[in-house]
Amino acid sequence: MTELRGAVVGFGKLGLLHAGLANGLSNSRLAAVVESSAVIQRVVRQYFPDVDVFATVEELIDARASDYVIVATPTGSHVSIAEKLVEASIPVLIEKPLSLNAQEAQPLVAALNRNWVPNMVGYMGRYIDTFQRAAQLLHRNVLGQVQMIRSSMYIEQLLKSGEGWRYDPATSGGGVLITQNSHVIDKLLWMFGDITGVSGNTSQLVSRLVEDHVHAHLEFASGAVGFIDASWSARHFRTPTISIHAQGTNGTLDVNDDEVRLFLDNSIGETSSGWTTWRKPDLYRPVPLDIGGTQYTFQMIDFLEAVSNHSDLDSNVVSGLKTQCVIDAVYESARRDGARVGVANLLS
Amino acid sequence: MSGVALPRIVLGHNAFFGVDHLSSQRGAERAAYFSEVENVMTVIASAVDSGAGGLMLSTHPRAAAICEALSIDARLASKLEMFPLLPYAQKYVTRANELGMVRVVTQTLAEASTRDKVGLGLDFLRTMYRRDPLDMVRALMRLELRMFRKLNVSTVFLHDALSDLLMALNLPKVFSLYQSTLRRRFGTTAGIATKNLPLLVQRFQEWGMELPVVLTHVNKVGFQVNPSQEECEKALAHPKLAVMAMGTLASGYLTPNEAYSYVNAFPSVQSIVVGTSTTHHIASTFLAIRQSVDWR
């Protein structure tokens, strides 16, 4: 297989992780870095003499220095950068969330409609072994008609007002709802299908400009109802902790990072009735390289394969836009004191 | 191989800091219990009495209090070799969310300079950063290892998240700096943690560097063993390898007897780090190690 040349835009914490995978997996190497900070540019030049360093994405495109690009910049710049890459026919992996809001992502959707290239939005949580298994079970309809869905995301990240771009809505789009909790919304859409209506409230516990807590009621196109509850100011949660519970006509399913627990009234195929539990060691799949979790590796492997084959991915700009539409609707509902808001369908 | 003689049984720190690879909820409960240093010391004392010769300790914010308590307990301190694991990655990851990568380093060092008076003024740091960022790495190592200064340390492990990243980016220079800094400034040996042992062996051979003491997962179900169980087993047969095995119980998934019968197949495993949180568990686990492993 031809070795792919990867570029990373934004050499921060996640940029570095992606750079490691881009260089460490067998069919790819890190060929270029785009970074506006002069300090980081100098460090990259010093330690990676074979890697081209550019200050802007336009310079990267002009140099034809990469076969794919990973965009790991603050959220507010994702769309403009990705749009230029798509116009230049360069496959792109965009860190989540896709954009500040769904409307802002429209030029990127239009660019892909004109000139489609493999594209991915980095909802790597889909690749966590437990969530993979849960989605497989749900896609086989083992629960029957899903009726009720509870979901939560908690982390102790912010116990006093934070600084930096993540806590400025102009560059981040908002608080916990659009950052860590966007993973939950992406998972819910992936596992249970479209969300058509929401009513939600947001609260500022410690921040001045963005929400630290969100609670929202969700209506699914399938007829199921549910809620999300999320906070980044939740004590005793060392790492982001996502839990999802679903109840259907044939049983229940609970999934988090640690395990999947399934209860079925009636067996479905090879899946027995009663309780079945899969713990992490039951589901573990080895990876060629683990930097920060196997989910990032599986995501990158899928992306590189799509780049090689010029094929589509499950987590792409279209699915990322759907997540964005749900987020927008929850913010709109919160502005209207929790009134029900329909989720826009910007894809039609 | 470094030639360092490792204690056979090393007590791990995960339970003390709420790290639990099988259950986050159980991890959080243990973190609450072990927020009292006395509870940590009770477990450490029990482990020493049951035969532990070492303690692995991440540079977690709460590790300093444990080091301090150990340093005034002459009996425990004399029987324990300390194995720092640095850095405590989550501390920097969470802070980097706010400050960005460059500022998280400069701020951490600047705060330390006023708090600990280690003589690292912000301007000085900026100058160093402009000259060579590896100077910052040296300064961070000095800061992270400060809490161990009154204790017996012979090997310092680099966290797998960082070492696997450095291997992926093909940066032998950073490993060399890490090894030389530990040897010259601290008189200790460099250990490397990894989640991909075969890659480590391959890289160090390509770089012409002596194999370090390695901390890696060894368990019969292959949990967190990469790139495959088979390739890791082959790598474990390397004649010049000295391994401290972690994850032997696959986070409580395996029974001690089945776990250690498997580990016994690999003579390169010279030491086992076990994270336990109760005196009862310590006694039964250490007994299983003694019964199952023929140290060769």
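Visitor: Which residues does B:Leu70 touch, not counting residues up to four places away in sequence?

Guide: Keep in mind that this is a predicted model. B:Leu70 lies in helix H3 of chain B, residues 63-71. Leaving out residues up to four places away in sequence, the ones it touches are B:Leu76, B:Ala77 and B:Leu151.

Visitor: Is B:Leu70 buried or exposed?

Guide: Count the C-beta atoms around it: B:Leu70 has 23 others within 10 Å. The cut-off for this label is 20 or more. So B:Leu70 comes out as buried.

Visitor: How many Å apart in space are B:Leu70 and B:Met41?

Guide: Along the chain, 29 residues separate B:Leu70 and B:Met41. In space, going C-alpha to C-alpha, the distance is 7.8 Å.

Visitor: What about A:Arg133: how does it count, going by its C-beta neighbours?

Guide: A:Arg133 has its place in helix H6 of chain A, residues 129-139. It has 18 C-beta neighbours inside 10 Å. Buried would take 20 or more, and exposed 12 or fewer. That is why A:Arg133 counts as partly exposed.

Visitor: And which residues does A:Arg133 touch, not counting those up to four places away in sequence?

Guide: Let's start with a residue at some distance: A:Leu159 is 26 residues from A:Arg133 in sequence and 34 Å from it in space, C-alpha to C-alpha. For contacts, we skip anything up to four places away in sequence. That gives A:Val260, A:Trp278 and A:Leu283.

Visitor: Where do the buried residues of H1(B) sit around the axis?

Guide: Helix H1 of chain B covers residues 24-33, and B:Ser24, B:Gly27, B:Arg30 and B:Ala31 are buried there. An α-helix has 3.6 residues a turn, so residues three or four places apart point the same way.

Visitor: Which helix gives the largest share of the side of chain B that touches chain A?

Guide: The contact brings together 40 residues of chain B and 34 residues of chain A. On the chain B side, H1, H5 (89-116) and H8 (160-168) each supply at least two residues. That side divides into 21 nonpolar, 16 polar and three charged residues. The largest share, 10 residues, comes from H5(B).

Visitor: At about what angle do H12 and H13 of chain B pack?

Guide: Two packed helices are described by the angle between their axes and the distance between the axes. For H12 (256-263) and H13 (279-292) of chain B, the axes are 9 Å apart. H12(B) passes H13(B) in a right-handed crossing. The angle is about 35°.

Visitor: How do the residues of that contact of H12(B) with H13(B) divide into nonpolar, polar and charged?

Guide: H12(B) brings B:Pro256, B:Asn257, B:Tyr260 and B:Ser261. From H13(B) come B:Ser284, B:Thr285, B:Ala288, B:Ile289 and B:Ser292. They divide into four nonpolar, five polar and no charged.

Visitor: How many Å apart are the C-alpha centres of the domains of chain A?

Guide: The domain assignment gives domain 1 (4-125 + 294-313) and domain 2 (126-288 + 323-342). In chain A, 21 residues of domain 1 are in contact with 22 residues of domain 2. The C-alpha centres of domain 1 and domain 2 lie apart by 26 Å.

Key. Residues are numbered from 1 along each chain as its sequence is written. Chains are lettered from A and ligands numbered from 1 in the order in which they are written. This is a predicted model: local features need pLDDT of at least 70, side-chain atom pairs count only at pLDDT 80 or more; totals for chains, interfaces and linings use all residues. Domain bounds come from an automatic or database domain assignment. Two residues are in contact if their C-beta atoms, placed from the backbone, lie within 7 Å. Axes are lines fitted to C-alpha atoms, for helices over the stretch in contact, and angles run from 0 to 180 degrees between N-to-C directions. Helices (H or I, at least four residues) and strands (E, at least two) are DSSP runs, numbered from the N terminus. A crossing is left-handed if the near helix is turned anticlockwise from the far one by less than a right angle, and right-handed if clockwise. Ala, Val, Leu, Ile, Met, Phe, Trp, Tyr, Cys and Pro count as nonpolar, Asp, Glu, Lys and Arg as charged, and the others, Gly among them, as polar.
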